[in-house]
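Hi there,

Here is the structure I promised to pass on to you.

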Number of protein chains: 2
Amino acid sequence: MELRAEIISVGTELLLGEIVNTDAQFLCRELSALGINVFYQTVVGDNPGRLAAAVELARGRSDILITTGGLGPTCDDLTKQTLARCFGLELVFDPESAARIRDYFAWRFPAGTMPENNLQQAMLPRGCRVLPNDWGTAPGCIFEAEGRRVIMLPGPPSECRPMFRERVAPYLRALSGQTIRSRSLRVFGLGESAVEERFRDRMNALTNPTLAPYAKAGEVELRLTARAESAAAADALMDPVQAEIQAELGDLVYGVDAASLEEVAFGLLRERGLTFGCAESCTGGLVAKRFTDLPGASAVFRGGVVTYCDQAKEALLGVPRGVLEDRGAVSAEVARAMAQGARRVLGCDLAAATTGVAGPDRDDRGNPVGLVYVALATPEEVFCREVRLGPGRDRVRTAAAHHAFDMVRRALQGLAVE
Amino acid sequence: MELRAEIISVGTELLLGEIVNTDAQFLCRELSALGINVFYQTVVGDNPGRLAAAVELARGRSDILITTGGLGPTCDDLTKQTLARCFGLELVFDPESAARIRDYFAWRFPAGTMPENNLQQAMLPRGCRVLPNDWGTAPGCIFEAEGRRVIMLPGPPSECRPMFRERVAPYLRALSGQTIRSRSLRVFGLGESAVEERFRDRMNALTNPTLAPYAKAGEVELRLTARAESAAAADALMDPVQAEIQAELGDLVYGVDAASLEEVAFGLLRERGLTFGCAESCTGGLVAKRFTDLPGASAVFRGGVVTYCDQAKEALLGVPRGVLEDRGAVSAEVARAMAQGARRVLGCDLAAATTGVAGPDRDDRGNPVGLVYVALATPEEVFCREVRLGPGRDRVRTAAAHHAFDMVRRALQGLAVE
């Protein structure tokens with residue numbers, strides 16, 4: 001059965017921008033994994049009138065209504081009262097919930113006494129299914145009215161997430177017969193618009209699985225999403241389309257459901273028992289930082305050298321002063337010499353190097369912002385790419401690091417590197 | 001004049017939970033700082049019908065309608081078409097935007113040709129105010145119709161944020177008579193709950209300005225917010241409260257409206273004409289990366305050395321093998337030797353060093369995850385802090401880098417460093 005869910009997030013702090021609405025993202029992801037469509041998500045403040053308006057709208061267009069927030073003990077917490085009123089239910093005292101809340105306080109504050117307003121959290125819509133809160137005080141609840149299912153969850157992610165996973169997901173799984181599975185094909189070296197142009201017809205033609213492109217910083221993700229009765233059936237729907245895309249894009253697809261270029265490079269290096277290091281100018285440590293973000297990086301990563309001035313390039317990496325003077329720091333020759341120097345001083349098998357103009361201004365030789373040379377030294381040879389990146393300092397640095405990891409990946413996969 | 005704004009975020013990826021809606025948080029925060037109320041925020045997918053429904057609802061209850069997303073070149077990008085239709089406007093070709101898009105591609109891909117679908121981004125509602133995009137390709141726009149103001153912004157935060165700050169905020173500031181000003185006191189070295197406990201009474205008592213604490217990764221922000229007819233009047237309301245807080249917290253407040261610890265450290269180094277460098281183990285390049293995130297860092301930053309194995313610590317920084325063997329890499333002695341080595345090999349005035357256990361596992365000597373030594377070498381002496389950080393690899397690394405910059409700041413301000 002096709003189910004439509006709608007999420008209403010309650011909290012003035014969301015509308016003031018004081019917190020990010022991570023509950024909504026979490027719920028959207030979990031619901032789509034359950035094969036339940038989310039067509040709308042709304043945020044309202046701690047205001048009964050506006051909350052009621054959002055509920056009125058939602059009950060007319062959705063089968064399942066999920067609220068987060070507003071279940072607490074303070075006078076701002078009006079979600080239960082408002083939803084009960086909208087559906088003509090009264091709130092009744094739930095002794096079990098009250099006992100749990102008392103126990104929770106007795107355990108948290110052995111000395112102290114519990115503020116009585118906490119018992120307001122034990123007032124629940126008559127006939128609802130109570131969702132005990134093992135991670136905080138405010139219980140959630142589910143009730144069915146007028147053919148709609150209403151689910152109320154606490155706002156704090158540390159309570160909302162486990163309560164959904166343990167108490168709500170099983171309830172919803174029983175409702176929806178379906179599973180949605182998706183796969184992400186990660187593409188580097190082709191722009192979003194180029195990818196979209198190549199696949200537009202298929203994107204329009206395909207309905208199950210669907211195919212959609214997403215631009216990520218400096219790369220593109222092609223997402224396949226299939227809906228079926230079982231995970232196996234959904235996979236079977238995606239397999240041929242994935243094969244077709246990979247046949248067409250070839251080695252531009254660097255991974256399927258891969259987390260990042262550095263993770264793919266890390267995996268290949270570890271498989272082959274090779275060590276890695278880097279020499280960075282314009283990326284200023286970003287290549288090393290991203291590689292060492294990966295748990296276990298120390299098995300492969302020897303170290304890195306960030307040379308932000310000519311003297312350091314010469315002293316630490318042995319880049320010949322003559323080359324620095326003739327070609328300038330932003331040049332293919334210097335990038336190559338940096339990569340070779342890093343291999344030597346770090347004693348690693350592969351070393352990547354970056355030198356370029358991250359901005360905001362041109363360098364002293366008038367090289368434009370975004371011009372970057374990325375080199376990779378292997379035991380056999382030294383590769384170098386000249387790339388134009390940006391706009392913006394962050395994008396230049398991010399994309400330059402992408403290129404370094406992409407060169408590692410391609411070298412180890414025996415593909416053209418430059 | 002009291003203005004009501006409403007945000008409509010467009011993107012199926014939001015409803016699938018693939019990305020967090022950080023644009024909405026950013027806009028809510030900026031709008032409330034402009035004294036503009038946000039009563040509703042809605043997320044819809046890339047679906048013209050549902051987007052139109054959300055627009056119909058919003059135009060009936062809000063003065064200002066802001067959309068994010070759906071301005072790109074792909075066939076999913078339907079925001080402009082849909083909003084124009086809702087308000088009975090036609091889309092017309094904007095040659096200036098087209099020229100910008102062509103220039104952008106010519107620069108990015110000198111060899112390649114631009115996919116024609118990119119020019120779809122130059123189709124804009126007739127009579128609108130174009131918001132040029134200096135940070136990407138899709139221009140935004142503002143139009144006024146039926147007494148409503150409609151503002152369309154691109155989805156990527158790297159484009160949405162600067163476009164709002166530089167092109168939309170001035171427009172909105174002119175509309176709203178009231179000014180809300182806020183100040184952020186950045187605190188390092190005291191936990192959020194400790195800060196809250198110290199200021200709870202004042203937080204509850206104060207109404208204009210208001211005082212609120214925000215926990216940031218490893219630090220705390222105390223935000224003062226005042227509402228008045230003029231910026232000067234708002235400032236006058238905040239001055240005495242700020243003075244009181246600073247008198248109480250003293251040098252734990254590292255900056256007011258400062259962007260980060262590294263920015264404060266950078267400013268002090270530049271003022272004094274001193275150079276900086278670093279040697280990193282557990283932070284793996286994060287200290288160098290964060291420092292070089294700052295435009296103009298090259299005036300101060302000489303470079304960094306990431307030594308992720310003992311051999312590199314010895315070979316690149318001259319850490320004596322004996323010390324590495326006796327004390328182990330995670331020790332105050334090694335941290336000090338790394339900082340001194342970095343000063344020497346990088347030829348910089350100050351050098352920071354980090355060595356510790358970022359996790360996920362204890363090191364080979366059984367040191368616990370989160371144990372980190374942070375050292376700072378100056379021309380006069382060498383300081384070292386032993387800190388216990390975490391939980392989690394990212395938090396350990398982030399907080400360790402915070403300590404490095406805090407030590408620079410305190411050393412240059414003549415405060416106790418260890």
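A:R290 is found in helix α10 (residues 286-292) of chain A; helices (H or I, at least four residues) and strands (E, at least two) are DSSP runs, numbered from the N terminus. This is a predicted model, in which local features need pLDDT of at least 70 and side-chain atom pairs count only at pLDDT 80 or more, while totals for chains, interfaces and linings use all residues. Residues are numbered from 1 along each chain as its sequence is written, chains are lettered from A and ligands numbered from 1 in the order in which they are written, and side-chain values use heavy atoms, with hydrogens and water left out.

Is A:R290 buried or exposed? With a relative accessible area of 9%, A:R290 is buried (buried means under 20% relative accessible area, exposed over 50%, partly exposed in between, with a 1.4 Å probe and protein chains only). Its side chain makes a polar contact with the side chain of A:H402 at 3.0 Å, and the side chain of A:R290 also reaches the backbone oxygen of A:T398 at 3.4 Å. A polar contact here is a pair of N or O atoms within 3.5 Å; within protein, one must be able to donate a hydrogen and the other to accept it, and residues adjacent in sequence count only if both atoms are side-chain atoms. Leaving aside neighbours within four places in sequence, A:R290 is in contact (heavy atoms within 4.5 Å) with A:E262, A:T398, A:A401, A:H402 and A:F405.

Still in chain A, have a look at strand β15 (residues 350-356), where seven of seven residues are buried. Both faces are covered, with A:L350, A:A352, A:T354 and A:G356 on one side and A:A351, A:A353 and A:T355 on the other. β15(A) runs parallel to strand β13 (residues 276-280) of chain A, joined by five bridges, and A:F276 stands opposite A:L350. With strand β16 (residues 371-377) of chain A, β15(A) pairs in the antiparallel sense over six bridges; there A:A352 has A:L376 as its bridge partner. Two strands pair if DSSP finds at least two bridges between them.

Now to chain B. Four of its strands form an open antiparallel sheet in the order β10-β11-β9-β12. β10 (210-216) and β12 (253-256) of chain B stand at the edges with a single partner strand each, so one side of each is left without a neighbour in the sheet. Three bridges join β9 (residues 179-187) of chain B to β12(B), and B:R186 stands opposite B:G255.

Helix α6 (residues 157-175) of chain B bends by about 45° at B:V168, and a proline, B:P170, follows within four residues. The bend is the angle between axes fitted to the seven residues ending at a residue and the seven starting there. The buried residues of α6(B), including B:F164 and B:V168, pack against α14 (393-412) of chain A as well as α2 (22-33), β3 (64-68), β6 (129-131), β7 (140-145) and β8 (148-153) of chain B.

How many disulfides are there over all chains? The count comes to zero, where a disulfide is a pair of cysteine sulfur atoms within 2.5 Å. The sulfur of A:C278 has its closest cysteine sulfur in A:C348, 8.4 Å away and too far for a bond. For B:C28, the closest cysteine sulfur is in B:C160, at 11 Å, again too far for a bond.

Best wishes
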